[in-house]
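Open the model in your viewer and keep the selection tool ready. Each stop below says what to select next and what is there.

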Amino acid sequence: MRARLAAASLTDIADKLDAGVRLTADDGVRLFESPDLLAVGYLANREREKRHAGRTFYNYNIRLEATNVCVASCLFCSFARLKEGDPDSYTMSLEQAWQKLRDRAHQPLTEVHIVNGLHPNLPFSYYTELLRGLKRIRPEIHLKAFTAVEIAFFADLYGMTDAQVLEALVEAGLQSLPGGGAEVFAERVRKKICHDKCDADRYLAIHRTAHQMGLRTNVTMLYGHIETYEERIDHMLRVRGLQDETGGFQAFIPLAFHPDNNQMRKLPAPTAADTLRTHAVARLVLDNVDHVKAFWIATGVEVAQQSLWFGVDDLDGTVQEERIYHMAGARTPEAMSTDDIRRLVTAAGREPHERDTFYNLVGTPA
Ligand code: V47
């Protein structure tokens, strides 16, 4: 492998990784530019195995997207309908949202992942009651809810500070934040693709506040549209910087851009090679984040399976009822059973482990 790394001009990066020396922005860009994808994957896999050996995590979760009414106009989004009453717009009543969980009473779920549009006319109590009702139905289920973008929106709309919003939601049952809304932190990109939602500094400040309150969070990166490799690395380094401060991020999740039914539909979707490489580079650059997740709905099931040899140790979970990607043309199934997930992990030569949101192992039937 040494000769192969030398041929790919990656020996110095391999040596740094061996010595536990941090990669620089320049190293990160070189990993993106190296023609030898398998050499990059080899390095990422070494780091993955140091942390997790062959263990691959997934959870038994469900999505809840209570409304797609949204005042933001992100060009990549196929989910949002700007106004109540627009064709295909919906806002669930609290009863309808709670019923989604009651309908799954037979499933040993451990997590509900809630993401919504930025709805301008709902009272704050809609969100606190949503959480309270879910907790009444299944108190043991973890509520991972509301991206930092939603938290910022609530603070501005209801005249509260970000911390007050988080405190009130925690009081109502919130237990962690998902990583959505990060997109690409670089201002140049944000101005073009999502100019009217919270900026990178606020996104990171909200995660910092959440971490200081003891909440764990995830962080994403939407890749494969107009961003440069330098901007991807800048994004990862901002995550690494905050993680040095707080240690509160659990997982980094690169999200492959899906071009159907949105205003960026002229762009091609990222290739499988780009997807494998992006997850691998994330594993190498983010030396202080425990988990790199391939969200199989976004990557495709087959690529998610290969990614388990390219730095990835987590596949999200059963998901169920995902809309954001399916409205953007994802052809993946809308759910996988735990048996499906275990089979694809085992077939890849890795060991499946069901986890809860905090990566504690959950007893699963063999
Ligand atoms: O922030 C929207 C992305 C995100 C498109 O925290 C799109 O565990 C691609 O954040 N093509 C929401 N991506 C999903 C998300 C997520 C997913 C899985 C796990 C976790 C976690 C979080 O979806 C948005 C945006 O970046 N998105 N539209 C699109 N057309």
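Start with helix 10, residues 200-212. Its 13 residues, at 1.5 Å a residue, should span 18 Å, and its end C-alpha atoms are 18 Å apart, which agrees. Keep in mind throughout that this is a predicted model.

**Around helix 10**

Which residues of helix 10 are buried? Select Ala200, Tyr203, Leu204, Ile206, His207, Ala210 and His211. Now look down the helix axis: these buried residues fall within an arc of 155°, so they line one face of helix 10. Next, pick Asp201 and Gln212. They sit on the other side of helix 10 and are exposed.

Move to the N-terminal end of helix 10. Aspartate 199 caps it. A side-chain oxygen of aspartate 199 lies 3.3 Å from the backbone nitrogen of aspartate 201. Then go just past the helix to glycine 214, where phi is positive, about 95°.

Select strand 2, residues 61-64. Asn61 and Arg63 point one way, Ile62 and Leu64 point the other way, and all are buried.

How many bridges join strand 2 to strand 3? There are four, and the two strands run parallel. To see one pairing, select leucine 64 together with its bridge partner in strand 3, isoleucine 114. Now bring in helix 5, residues 94-102. With strand 2 and strand 3, helix 5 makes a right-handed β-α-β unit.

Carry on to strand 4, residues 142-145. Strand 3 and strand 4 pair over four bridges, in the parallel sense. Pick valine 112 and leucine 143: leucine 143 is the bridge partner of valine 112 in strand 4. Both faces of strand 4 are covered. His142 and Lys144 are on one side, Leu143 and Ala145 are on the other, and all are buried.

Display helix 6, residues 124-137, as well. Strand 3, helix 6 and strand 4 make a right-handed β-α-β unit.

**A residue in helix 6**

Stay in helix 6 and select tyrosine 127. Is tyrosine 127 buried or exposed? At 0% relative accessibility, tyrosine 127 counts as buried.

**Two loop residues with positive phi**

Go to serine 9, in the loop between helix 1 (2-7) and helix 2 (11-19). Its phi is near 55°, a positive value in a residue other than glycine. Serine 9 has 47% relative accessibility, so it counts as partly exposed.

Jump to glutamate 183, in the loop between strand 5 (176-177) and helix 9 (187-193). Phi of glutamate 183 is near 50°, again positive in a residue other than glycine. Glutamate 183 has a relative accessible area of 6%, and it is buried, because the cut-off is under 20%.

**Zoom out**

Finish with the whole protein in view. How many helices and strands does it have? The secondary structure comes to 15 helices and ten strands. The radius of gyration is 20 Å, close to the 21 Å that the globule rule gives for 366 residues, so the protein is as compact as a globular protein of that length. Last, color by burial: of the 366 residues, 60% count as buried.

Notes
Residues numbered from 1 in each chain as written. Predicted model: local features only at pLDDT ≥ 70, side-chain atom pairs only at ≥ 80, totals over all residues. Heavy atoms only, no water. Expected span 1.5 Å × (residues − 1). Buried < 20%, exposed > 50% of the residue type's maximum accessible area, 1.4 Å probe, protein only. Arc of directions from axis to C-beta. Polar contact = N/O pair within 3.5 Å; in protein donor to acceptor, adjacent residues only side chain to side chain. Pairing = 2+ DSSP bridges. Right-handed = clockwise from strand over helix to strand, strands pointing away. Rg over C-alpha atoms; globule rule 2.2 N^0.38 Å.
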